[in-house]
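Please consult the sequence and the structure alongside the text.

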Amino acid sequence: MMSDLLLEIYGEELPSSAQILGERQLYQSFLELLEKQKIVYSSIKTFSTSRRISIVIKQISKKEKDSSVEIRGPSTGADKMALMGFMKSNDINDLKKLIKKKIKDREYYFYIKKLKQKNLRDIFNLEIPLILSSIKWKKSMRWAYNDQKWSRPIKSILGIFENKKLAFQFAGINCNFFTYGNYHYSKKKIKCTNFEVYKSQLKKLYVILDPKERKNKILDNLEEFCRNNNLKFTFEEGLIERISNSVERPNLFFGSFDNKYFKIPEFILETIITEKQDNFCFKNKNGALSNFFAFVSNKEKSKKKILVEGNLNVLKARFLDAEFFIKEDLKIKPEERLKSLSSIVYYENLGNLHQRSLRIKKLSEIIAEKLDYNIEKFSKYLIFSNIDLTSEVVKEYPSLQGLAGGFYAKKFGFPKDVQEAFSNQYKISILRNEVDLSVLLSLAQKIDSIFCFFSSQKKISGSGDPFGIRRISISLIKILTENKLDLDLLQIFYCCQKLNLEQRIQSINDLELIINFLNKRIEVFFIDEGYKAEVIKSCLNLKSFNPHLILIKTENLTKFLKTEIGKNFIKAFNRLNSIVENTENNYELNQSLLKKREEIELFEIIKSFKNKKETSHFRIDGVFYEKMSYAINSFLDNIIVNAEEDALRINRKLLLAECKDILSSFFNFSILQIDD
């Protein structure tokens, strides 16, 4: 008998995001259950389609058989009532079942109680409904008369263990040993007693269970089509995943639309094809949009002509809608759209979008000055950076915010730099060889978004990020580090405070909250780049936030810590750090009390570091740190810190505290550890 577990929840159409979320949580919940119950297994895998989420766990067995526990009773010298009470409470009817053991100088009765392990089948019957109830969906629903929720209504539950069905209920549905194939082809039940039968039966009924297999099938078809038609093979991973998750057996169909629709901007056509229709669009070798499109369906290829014509008709209708929206949008002048922004609330208590446009313009000018960029000739146009939010195109296709602004800026005769800046302002990454208007406007947009989010007093909880602040923060860090821009964002946030005050709208006072949040984001970002968390943290503080300098510090410190000088310095610093105490502020270091050679040497090297004009952001002076390591070790080896004379003791502690403070000016060495 196979000791495998197979579970499938089958129901109505699941969106791609729900499939991914459900698989991940189901996998994690079963891992925790297996560990908690000390259950061993050979493998665990999850699968999903548009109609089902499944998990299979192979070769399950208990790590432990029946065990026992030793229970101590009363001492052998205790009265009979105490002994009888102990036996009764443990359901013991014979004194011979007790043993005697000495602990120290006293003898006690003990009972060896056998603990029977729970049956695996009983564990799964009890725990699986709890696991299913614990899954947190972004959107969930109830149906019929039960209180339990799922992403979409459940039709059936397949639960098999050791080739026999389990006996539990969830959401009013009893677990059974059957499932269904692809409903486009058949509605009959499939009986399953193990995973191999389950998978093969599904395949016969047009269900490819493995998402990777479906994705590869689509990619193979797309690649062949591109090769045969001299097209570029470039498709977004997210789109491929979303489309492959929308079907149980992907059949790919191809079509083409009339070239007359190319009078509509390519970025709008592309959005209609991919976002609105979940179709694939194609690029020619020169990068221009082709008139070919492709779509995936569960339905069989014999219906190709009807399906392609139907899909093309929908695309044509949407193209005509877009054409109409553009014509209507161009009837309204930029100045009129700017007035319309006044009627759109940005955030509650944070004014309207016209006020935000004024802030974006001012922030762009402030950042330009900090980065030594002459923005004067473009300033008058920046007030229009958000007017596309009032356009019909953006109302219909929200993802075109920015791109639509750039398109309309061209139609209204704005300078080319302004057109590009409007188009690029929401991009995650803008890589330039020099500062330009696109970078400045993008930074201003993101900085204002972050500042206003915190001013709104809204919270980011768990893994959710409904306002995209984590994504915006990473984008901000990415742009500043990739373009090597020396900009302290704390200074810009002070400007944000002033702007909000001038507009008489809500503003956050404690900027440390924002800097602390950004420090966590940059830590995540740099860890993904391969840096150690403790090294990154040692380069952060709450008095500034300059991603470019933080990256340089992190790079230099990482290299330094790999050297012998670096390792020796951290050991010396840790010795210093372990004995430095907080010293009262009313004491000052008295140089005249420094008599010993080791004291004077440490003082002189501290003094030389203080007098250095060059900061340690860009270069870590190995020679200096080697001398500092020697001076610290020499002092601690030869000087009695806790001298009997009060003045001497205080002065030596002050010297060590000053040494630690000066070394901690640029790096928090106290959190670093060196592996031996």
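## The loop residue Ser186

Ser186 lies in the loop that connects strand 13 (178–180) with strand 14 (189–191). Strands are DSSP runs of E with at least two residues, numbered from the N terminus. The relative accessibility of Ser186 is 16%, so the residue counts as buried; buried means under 20% relative accessible area, with a 1.4 Å probe and protein chains only.

A polar atom of the Ser186 side chain is 3.2 Å from the backbone nitrogen of Lys188. When residues up to four places away in sequence are left out, Ser186 touches Gly181 and Leu205, where contact means heavy atoms within 4.5 Å.

## Basis of the model

The model is predicted: local features need pLDDT of at least 70, side-chain atom pairs count only at pLDDT 80 or more, and totals for chains, interfaces and linings use all residues. Residues are numbered from 1 along each chain as its sequence is written, and side-chain values use heavy atoms, with hydrogens and water left out.

## Domains

The protein chain is divided into domain 1 (5–62 + 119–204), domain 2 (70–115), domain 3 (211–330), domain 4 (346–551) and domain 5 (563–671). These bounds come from an automatic or database domain assignment. Taken over C-alpha atoms, the centres of domain 1 and domain 5 are 62 Å apart.

Strand 4 (residues 52–58) is largely enclosed by the rest of the structure, because 7 of its 7 residues are buried. In a regular strand, side chains alternate between the two faces of the sheet. Both faces of strand 4 are covered, with Arg52, Ser54, Val56 and Lys58 buried on one side and Ile53, Ile55 and Ile57 buried on the other.

Strand 1 (residues 5–11) runs antiparallel to strand 4 and is joined to it by 6 bridges; two strands pair if DSSP finds at least two bridges between them. Leu6 has Val56 of strand 4 as its bridge partner. Strand 3 (residues 43–48) is also antiparallel to strand 4, with 6 bridges between them, and Phe47 has Ser54 as its bridge partner in strand 4. Strand 3 and strand 4 form a hairpin, with 3 residues between them.

## Cysteines

The structure holds 0 disulfides, a disulfide being a pair of cysteine sulfur atoms within 2.5 Å. Cys226 is in no disulfide, and the nearest cysteine sulfur, in Cys281, is 10 Å away. Cys226 has 2% relative accessibility and therefore counts as buried.

For Cys496, the closest cysteine sulfur is that of Cys495, at 7.0 Å, which is too far for a bond. Cys496 counts as buried because its relative accessibility is 2%.

Methods: Buried means under 20% relative accessible area, exposed over 50%, partly exposed in between (1.4 Å probe, protein chains only). Helices (H or I, at least four residues) and strands (E, at least two) are DSSP runs, numbered from the N terminus. A polar contact is a pair of N or O atoms within 3.5 Å; within protein, one must be able to donate a hydrogen and the other to accept it, and residues adjacent in sequence count only if both atoms are side-chain atoms.
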